[in-house]
Amino acid sequence: MTAEEFEEFYAHAVGRLTGQLYVMLGDAQEAQDVVQEAFVKAWSRRGRLDREAAPEAWIRTVAWRLAIRRFKKLRRSEQAWLRHGAAPHVGAPDPGSVALVEALKELSPQQRRVVALHYICDLSVEQIAGETGLSTGTVKTHLSRGRTALAARMQDPRAQEAHRD
């Protein structure tokens with residue numbers, strides 16, 4: 001099956017297969033996930049898929065097996081939790097943590113990584129350089145610029161109001 005034929009096959013079959021797996025599994029999201037994963041597997045072997053050889057049945061079977069494998073893994077995980085007790089309750093994050101995460105999202109990916117490695121993982125500049133492949137000077141630059149950007153974003157609004165008065 002050529003790439004074009006596969007794309008046409010996908011367009012015609014994905015909805016039908018997802019609907020079938022939804023009925024089989026009772027979970028629409030899980031059906032979508034396993035059908036997509038089955039199509040990914042089929043793409044890598046599209047040269048061996050033949051329209052007369054029932055590629056739809058092959059994908060349906062692969063999707064079903066993926067769903068069963070996921071279900072078994074989930075069940076084993078649940079059984080392990082039951083044997084070892086429930087997970088500890090984790091409270092909601094405090095507003096400061098949420099604000100910090102939002103401010104970190106504004107940094108470049110490299111700055112965010114370096115800042116997290118330094119302040120969250122407690123790595124030295126040299127350790128960060130070794131892990132990221134950056135020079136120590138570049139790590140220091142990212143830390144400095146990241147701190148400056150975070151300081152501007154993390155200013156306490158109450159402090160800003162006091163400065164206006």
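Residues are numbered from 1 along each chain as its sequence is written. Because the model is predicted, local features need pLDDT of at least 70 and side-chain atom pairs count only at pLDDT 80 or more, while totals for chains, interfaces and linings use all residues, and side-chain values use heavy atoms, with hydrogens and water left out.

Begin by selecting Phe6, Phe9, Val35, Phe39 and Ile59, which touch the most other members of the largest nonpolar core, a set of 19 residues. Such a core consists of buried Ala, Val, Leu, Ile, Met, Phe, Trp, Tyr and Cys residues joined through side-chain atoms within 4.5 Å, where buried means under 20% relative accessible area with a 1.4 Å probe and protein chains only. Next colour α1 (3-25), α2 (28-44) and α3 (55-84), each of which supplies at least two residues of this core; helices here are DSSP runs of H or I, at least four residues long, numbered from the N terminus.

Now show the rings of Phe6 and Phe9, an edge-to-face pair with 6.2 Å centre to centre and 65° between the planes. Rings of Phe, Tyr and Trp (its six-membered ring) pair if their centres lie within 6.5 Å, and planes over 60 degrees apart count as edge-to-face. Phe6 and Phe9 are three residues apart in helix α1, and so are separated by about one helical turn. Phe6 is buried at 5% relative accessible area, and Phe9 is buried at 4%.

Phe6 in helix α1 and Phe39 in helix α2 are 33 residues apart, and their pair links distant parts of the chain.

Finish by selecting Phe6, Phe9, Tyr10, Phe39 and Trp43, which ring pairs link into a cluster.

Technical notes
Buried < 20%, exposed > 50% of the residue type's maximum accessible area, 1.4 Å probe, protein only. Phe/Tyr/Trp six-rings, centres within 6.5 Å; stacked < 30°, edge-to-face > 60°.
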